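Hi,

Here is the structure I promised to pass on.

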Amino acid sequence: MAGSSVTEGAAERLGYITRVQSFSACHRLHSIHLSDEENKRVYGKCNNPNGHGHNYKVEVTVCGKIDAHTGMVMNLTDLKARIEEVIMIPLDHKNLDKDVPYFAKVVSTTENVAVYIWDHMVKLLPPSLLYEIKIHETDKNIVIYRGE
Ligand SMILES: Nc1nc2c(c(=O)[nH]1)N=C([C@H](O)[C@H](O)COP(=O)(O)OP(=O)(O)OP(=O)(O)O)CN2
Ligand SMILES: [Zn+2]
């Protein structure tokens, strides 16, 4: 089109960018809202008193306009720094239930880990930029949270 360029065209386009981060942690599925018997019934082997571990893989996706001047939705190096703050420092090599105060009363399901990450990440990013937190708890168990 006359008068436009590839760079100008990109200014109106939305991009989704994702940074992947792995962390290791242990936990036990045990709800303070359930009796010991109910906990055993609901969570089965995951209610084992001494817990179990995961190598979680988290995908943090942001969505926004591709800036005409920088060519970026946001600098992935900045996203990496936020991930360090929100995921690695508080969660990596931790016992989620004992080391992370948030999970003292909130059961450490992967759904709730995703909510935890969303709630902390959203405060550190420009408004409306965070799109999705996807967590691979195992190769087969995957949870998505989009702030809804
Ligand atoms: N809705 C949820 N259900 C379960 C969660 C969860 O976070 N949200 N978590 C667990 C356990 O923590 C557990 O670690 C899952 O283990 P497991 O079923 O053994 O994992 P795999 O499916 O990968 O194992 P395979 O035996 O290879 O199938 C349980 N439920
Ligand atoms: Zn587990």
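Which residue in β2 is the bridge partner of serine 24? Asparagine 55 is.

Before the rest, some housekeeping. This is a predicted model, where local features need pLDDT of at least 70 and side-chain atom pairs count only at pLDDT 80 or more, while totals for chains, interfaces and linings use all residues. Residues are numbered from 1 along each chain as its sequence is written, chains are lettered from A and ligands numbered from 1 in the order in which they are written, and side-chain values use heavy atoms, with hydrogens and water left out.

Now the sheet. β1 and β2 are antiparallel partners, paired over 14 bridges (strands pair if DSSP finds at least two bridges between them; strands are DSSP runs of E of at least two residues, helices runs of H or I of at least four, numbered from the N terminus). They belong to an open sheet of five strands with mixed pairing, in the order β3-β1-β2-β4-β5. β3 (94–95) and β5 stand at the edges with a single partner strand each, so one side of each has no neighbour in the sheet.

Next, the zinc ion (ligand 2). Its protein donors are His27, His52 and His54, each through NE2, at 1.9 to 2.1 Å (donors are N, O and S atoms within 2.8 Å of the metal, or 3.2 Å for Na, K and Ca; water is not among the atoms, so sites may look incomplete). Along the chain the donors are spaced H-x24-H-x1-H. Histidine 27 in β1 (residues 14–27) and histidine 52 in β2 are 25 residues apart, so this pair links distant parts of the chain. Histidine 27 is buried at 2% relative accessible area, whereas histidine 52 is partly exposed at 22% (buried is under 20%, exposed over 50%, partly exposed in between, with a 1.4 Å probe and protein chains only).

Another histidine to look at is histidine 30, in the loop between β1 and α2 (36–43). Histidine 30 is partly exposed, with a relative accessible area of 26%. Leaving out residues up to four places away in sequence, histidine 30 touches Asp36, Asn39, Tyr43, Asn47 and Val107 (contact means heavy atoms within 4.5 Å). Lysine 40 is ten residues from histidine 30 in sequence, and the two are 8.3 Å apart, C-alpha to C-alpha.

Cheers
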